[in-house]
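Student: Please take a single part of this model and examine it closely, then continue from there to the other parts that can be described in the same terms. I would like each criterion stated with its cut-offs.

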Amino acid sequence: MSDIAISVENISKRYLIGDTSKGSVREAITSFFSENASSKKENFLALKDISFEVKKGEAVGIIGKNGAGKSTLLKILSRITEPSTGRIVIDGRVSSLLEVGTGFHPELTGRENIFLNGTILGMSRDEIKSKLDEIIEFSGVKRFIETPVKRYSSGMKVRLAFAVAAHLEPEILIIDEVLAVGDVEFQKKCLGKMADITGQGRTILFVSHNMSAVRRLCSKAIHLDDGQVVYTGDVEEAISNYLDTNDTYIESMGEIAWNVTAAPQSSEVKLIAARIRNNEEKVKTQFDTSEEITIEVDYQVKMPVRNMRIVLKVSTHEGILAFASTDHQTRETHTQEGFYRTTCKIPSYVLNKISYFIEVQFGIPGMKVLIPSVKLFDFEVENIYSSTGSYYPEKWPGIVAIPTEWATLEVTEQTLHPLNK
Amino acid sequence: MPKTIIDANKSVLSLDLKELFHYKDLFYTLSYRDFKVKYAQTFLGFTWAFIQPLMTLVVFALVFSRGLQLGTGNIPYILFAACGLAGWTYFSSVMSQAGNSIINAQGMVQKIYFPRIIIPLSKALVGLIDFAIALLLIFVLMVFYRFSPSPNIVFLPLFLILAILAALGVGIFLSALTIRFRDFQNAVPFLIRFGMFFTPVAYPSSLLTDRIPEWALIIYYLNPIAGIIDGFRWSILGSDPPNVLAYISFGVVVLLFISSLFYFKKVERIIADIV
């Protein structure tokens, strides 16, 4: 028996682009009768002759920028789509998680969905039955287990879905950025469970943009670029290899450092870096409602400008602008050439328990936009420390949750209707 | 230890039944889901499964038996039509559900692997529940008309299996074709409405055997469910045995089912890319 868990040999994946891929009978007929009708289709190679091996018990990260072929590779390895050429041998029971809660049906109860999702993931009913109590316990939605899932909050749904996924016992686990969904607690639980899996000598393939997650979980990494493997080996080497070739920017959990050539810039200003942190200088993307959130933007002013201002916009993931803020009033009229760091502090107890994203924009009001909106970070606000009395298990309606003062007095009727008497 | 081999050049001719068997529990849960969802939050629940065929039978009786004076020998017309309707309803509902099943499961198909054929296959099981209710209705009607079942009833399971194969054969073909050509989504409801008239549901097939030429009758029996419905009636009510040409129907069914599996297997490889 060999110690190779996954062996990938010369895998390519070709897509036809240019057509909508949703054929109609008419199209099929026309292309049948004329050769050139199909010539408008173009070949696109998402993966070009990829080969690598993963040993048993290894945790390997797959990194690369968008469009490098990571998702395609993942889909081929999880057998969702087939390669155009090449061969893969996978030795062991595989589970792939490209999504949690696949197949969940809103009309079915939590318990029924555990069986549905579990069998979709390849578990048998007996296997699920034997783990049912554990799964329900892990999910933390025990009280609602006989309730249709459509009445669940999205957080509850994710927890239930992950509880099922966490109880898979594969020898090889293929994971997409499922970690990107869900609340902080869930992410921690997810990473923790995954670390457990590696601890038990299982093989993991993990695709992520999140370098710190890749570092934490994986010992090796494969760097994909433009459909090809450009580096395989030690995780640190692979990450630095990736960061070097990356011509846009690096985002690693609340910090962006733009590459010299790809930084957003105008003739007047150029962005260098940005980060999001709490008061203790800790860079992160998950905050407690009690924390102040500081956003730092580092930039270079290349020629003196008048009346420049920076605008920060905080929006929810549904695209609703929560608020915008500018440094207009606090800034000198003239900004000389040089390097600057501007910080903006969002007070605590303002944001709701949801995820937001931040954009920054540079401009001269009434004159011109210097740098149009650049998306900086996604971040989440949670209520981790529930020391105060105002702990809400779920998010509050609205896009912000500001502290308000309430009071109730008992009064006489005359106070309320002074004119009636 | 299970070994998975993904090969771009693998043969299309293997159906991998062993793997299918491994996923049998998924087959059951998908069926259970459809069953549960169908009757969830309906006030009358299961009663619907009785109301629908009953109302159709009343209309049939009015039009064909009263209006057109259609003779069905010593078999009460309602009972006669009920057998035809049970077979047709099973066939048409399973066929259309199976036909749309892959399109409706896009979300799943793009996120996880399992033998895709399970999705259309699972539709056959749910349809059986309605079919069982229809059978129950037939036996209630038999008691009502004091009509004793024919000894041929031992052959009923055989025709039921043929009906399942027929519905799945067409349904699996449709599901694979619908992925490529959405046109079939529009064609299916039309096919069902149209097909009922070309199937001996409300009238006996003997009505046609004497009146249309041989070649037309052959075409008639290319309809996969036509001969099966004759068979249902023969086995339950002891009416005329299936026409010789009905055996064409049975042959068509078996061929259709087997070829649908292979066609599906061929399309399965590209489902996630084009769905």
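Tutor: In β9(A), A:Gln228 is the bridge partner of A:Asp225. The bridges between β8(A) and β9(A) number six, and the two strands run antiparallel. Strands are DSSP runs of E with at least two residues, helices are runs of H or I with at least four residues, and both are numbered from the N terminus. Two strands pair if DSSP finds at least two bridges between them. This is a predicted model, in which local features need pLDDT of at least 70 and side-chain atom pairs count only at pLDDT 80 or more, while totals for chains, interfaces and linings use all residues. Residues are numbered from 1 along each chain as its sequence is written, and chains are lettered from A and ligands numbered from 1 in the order in which they are written.

The hairpin of β8(A) and β9(A) has two residues between its strands, and A:Asp226 takes a positive phi near 55 degrees there. A:Asp226 is not a glycine, and its place is the loop between β8 (220–225) and β9 (228–234) of chain A. A:Asp226 has 15 C-beta neighbours inside 10 Å and therefore counts as partly exposed. Under the criterion, a residue is buried if 20 or more other C-beta atoms, placed from the backbone, lie within 10 Å of its own, exposed if 12 or fewer do, and partly exposed in between.

A positive phi also occurs at B:Arg146, where the value is about 50 degrees although this residue is not a glycine. B:Arg146 belongs to the loop between α6 (118–144) and α7 (156–180) of chain B. With 7 other C-beta atoms within 10 Å, B:Arg146 is exposed.

The axes of α6(B) and α7(B) come within 9 Å and cross at roughly 140 degrees; axes are lines fitted to C-alpha atoms, for helices over the stretch in contact, and angles run from 0 to 180 degrees between N-to-C directions. Their crossing is right-handed, a term used if the near helix is turned clockwise from the far one by less than a right angle, left-handed being the anticlockwise case. The residues that make the contact include B:Leu121 and B:Ala124 of α6(B) and B:Ile164 and B:Leu168 of α7(B). Contact requires that the C-beta atoms of two residues, placed from the backbone, lie within 7 Å. By class, the contact of α6(B) with α7(B) has seven nonpolar, three polar and one charged residues. Here Ala, Val, Leu, Ile, Met, Phe, Trp, Tyr, Cys and Pro count as nonpolar, Asp, Glu, Lys and Arg as charged, and the others, Gly among them, as polar.

A further helix pair lies in chain B: α4 (residues 77–104) and α8 (residues 183–195) pack at about 180 degrees, with axes 10 Å apart. They are therefore roughly antiparallel to each other. Angles over 145 degrees count as roughly antiparallel, under 35 as roughly parallel, 65 to 115 as roughly perpendicular and the rest as oblique. The contact involves B:Ser92, B:Ser96, B:Gly99 and B:Asn100 of α4(B) together with B:Phe184, B:Gln185, B:Val188 and B:Ile192 of α8(B). Its residues comprise three nonpolar, five polar and no charged ones.

To return to strands, chain A has an open sheet of five, in the order β13-β21-β20-β16-β17, with mixed pairing. β13 (286–288) and β17 (321–326) of chain A each have a single partner strand, so these edge strands leave one side without a neighbour in the sheet. On average, neighbouring strands of this sheet are turned by 30 degrees against each other, direction ignored. Within chain A, β16 (residues 309–316) and β20 (residues 355–364) run antiparallel and are joined by eight bridges, and A:Glu359 in β20(A) is the bridge partner of A:Lys313.

Pairing also crosses between chains. Strand β4 (residues 85–91) of chain A runs antiparallel to β1(B), and five bridges join them; A:Ile88 stands opposite B:Ile6. The contact between the chains takes 43 residues from chain A and 29 from chain B. On the chain B side, α2(B) gives the most, with six residues. That side divides into 15 nonpolar, three polar and eleven charged residues.

Finally, helix α3 (residues 110–120) of chain A is mostly covered, with ten of its eleven residues buried. Those buried residues pack against α4 (125–139) and α5 (154–166) of chain A, together with α2 and α5 (106–109) of chain B. Just after α3(A), A:Gly122 has a positive phi of about 100 degrees.
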